[in-house]
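Morning, everyone. I have one structure to walk through today. Please look at the screen.

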Amino acid sequence: MARVDYSERIPNNVSLADNRRLLRALEEWQPRYLDWWNQMGPDGFQARDVYLRTAISVDPQGWAHFDWVKMPEYRWGIFLAEPEPGRTIAFGEHKGTPAWQDVPGEYRGTLRRLIVTQGDTEPASVEQQRHLGRTCPSLYDLRNIFQVNVEEGRHLWAMVYLLHAHFGRDGREEAEALLQRRSGDSDKPRILGAFNERTPDWLSFFMFCFFTDRDGKYQLASLAESGFDPLSRTCRFMLTEEAHHMFVGEAGIGRIVQKTVELMRVHKTDDVRRFGGLDLATIQRYLNFHCSVSLDLFGSEISTNAANFYTAGLKGRFEETKKTDDHLLREATYPVARPAGDAITLVEEPALTALNERLRDDYVADCQRGVDRWNAVIKKHGIDVELKLPHRGFHRAIGNCAELRVSPDGRVVGQAEWDARKHEWLPTPDDQAYVASLMVPVVEPGKFAGWIAPPARGINSQPVEFEYVKLSVRAGEEGRRG
Ligand code: BYC
């Protein structure tokens, strides 16, 4: 059933009404989710009308409906892509057998862990971004961050549905724990490193959407290949939502770069800070940081976990079904980055254990395409500077380079050089203070902060000056609900 049933308390296209036990369990989880949203979701805007899109179908065409919604009233629900009749497992030792509709007993723990890890990132990102509304560069951007936030909330629903529907009591406990952990909390942190970092300003937010949400794209695409069909179907639909998040990131940085080069040209200087802009060197340092923490999210270069996920048919490669090899990878090798002296070289390793690195390669190539588009903006303005992805060994906390100091151009350097030059490579306290000083809210429709260019077009064919978030509330309402 492609259309979503909105007459239900929990909108869904999985016939939830036919499974009373599951429905009751999810209806019990729902108010706790809303408590979490009200406590940890966007700070200060819960009573405002936001021009949001909601899924009304899982058809690739026409799945979205745009309307004014107060975020706590967003219709979070459960949407799985249409089943593919006769789908078989495409890789690993079960290759060619029918995809599983239920969790195979032997993979229960592993699958649950993959689903929990995925699910944990979704509320984490909402928590990381919860204060940003207060300093939005425009109403257009404010609406976009809220769209991202409600969809991350829906992605949590997607994983919680799988936990409740397929993992019994353990699944219900994990669904609770997803609401208990908190980004950056030393006692109960989120699972993966990047999701405990702060997202204190909009430059970080756009970088996060570009780099970290793109990890989401690649991880979801690998899970969409899963032999466990409900996971595959839910990830396939999540990917359609994820595309907007990466658009927000790429377009956001593109608009900052645009503004920067305009200022550089008009004032004939690189030092656009004097004119309220973000200089390219600062943008590069933020890029280096967000790229490196996102590279960590792919895990170690050599991973028996990844090999086991693949052989078991739980997590495939990016676009697994389009690949023409044996889909078993027992004999194949793959080049993996490994430090050797003061250089990092490629060494052939068994392809099966190198799957994390392979996915990271697909990801890096995709990131590079986005960076090329930013560089085209710089070039168009006749400026001879390029933004660059840092070397994959730079500033890593996971994998072969975690114990090393590696420069953005890929040299293994000593601690002394690192200490002397890290201010050139990573955001400094001065950068952070400067970026923070720019975070002054701009909320007049059609107006934009001085460090970012307006977008080329508005949302859903609306003009750029559309009132994407209605900030006026009746007197007295602000204190109670804002
Ligand atoms: N931080 O064999 P290894 C998204 C742990 S983002 C902390 O190297 P493996 C989104 C690992 O758990 C996508 N710990 O790696 C974006 C393991 O622990 P154990 C999220 C880490 O297991 C923006 C040990 O180190 N989805 O959707 O092959 C906004 C050795 O692991 C990290 C997924 O990640 C880290 N960075 O791969 C909103 C998909 N890396 O076994 C949403 C599901 C590794 O020693 N997850 N470790 O206890 C996976 O597929 C895998 O868990 C990973 C790691 C790719 C993350």
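I will take the ligand site, then the strands.

Ground rules. This is a predicted model, where local features need pLDDT of at least 70, side-chain atom pairs count only at pLDDT 80 or more, and totals for chains, interfaces and linings use all residues. Residues are numbered from 1 along each chain as its sequence is written, and side-chain values use heavy atoms, with hydrogens and water left out.

Start with the ligand. Which residues come nearest to the ligand? They are Gln118, Ser300, Ser303, Asn305 and Lys315, out of 29 around it. A residue counts as near if one of its heavy atoms lies within 4 Å.

What is the shell made of? It divides into nine nonpolar, 13 polar and seven charged residues.

Now the helices. α2 (108-128), α5 (202-223) and α8 (304-311) each supply at least two shell residues. α2 gives the most, with seven. Helices here are DSSP runs of H or I, at least four residues, and strands are runs of E, at least two, numbered from the N terminus.

Next, polar contacts, meaning pairs of N or O atoms within 3.5 Å. The side chain of Ser300 has an N or O atom 2.6 Å from a ligand oxygen. For the side chain of Asn305, the distance to a ligand oxygen is 2.8 Å. Asn356 places a polar side-chain atom 2.9 Å from an oxygen atom of the ligand. On its own, the ligand has 1,100 Å² of accessible area, and the protein covers 81% of it. Those areas use the Shrake-Rupley method with a 1.4 Å probe.

On to the strands. Two strands pair if DSSP finds at least two bridges between them. β3 (residues 333-340) and β4 (residues 343-350) pair antiparallel over eight bridges. Ala340 stands opposite Ala343 in β4. The two strands form a hairpin with two residues between them. In the turn, Gly341 has a positive phi of about 65°.

Last, the open sheet. In what order do its three strands run? The order is β2-β1-β7, with antiparallel pairing. β2 (64-70) and β7 (469-470) are the edge strands, each pairing on one side only. Two bridges join β1 (residues 49-55) to β7. Val50 stands opposite Val469 in β7.

That is the tour.

Definitions and conventions: A polar contact is a pair of N or O atoms within 3.5 Å; within protein, one must be able to donate a hydrogen and the other to accept it, and residues adjacent in sequence count only if both atoms are side-chain atoms. Ala, Val, Leu, Ile, Met, Phe, Trp, Tyr, Cys and Pro count as nonpolar, Asp, Glu, Lys and Arg as charged, and the others, Gly among them, as polar.
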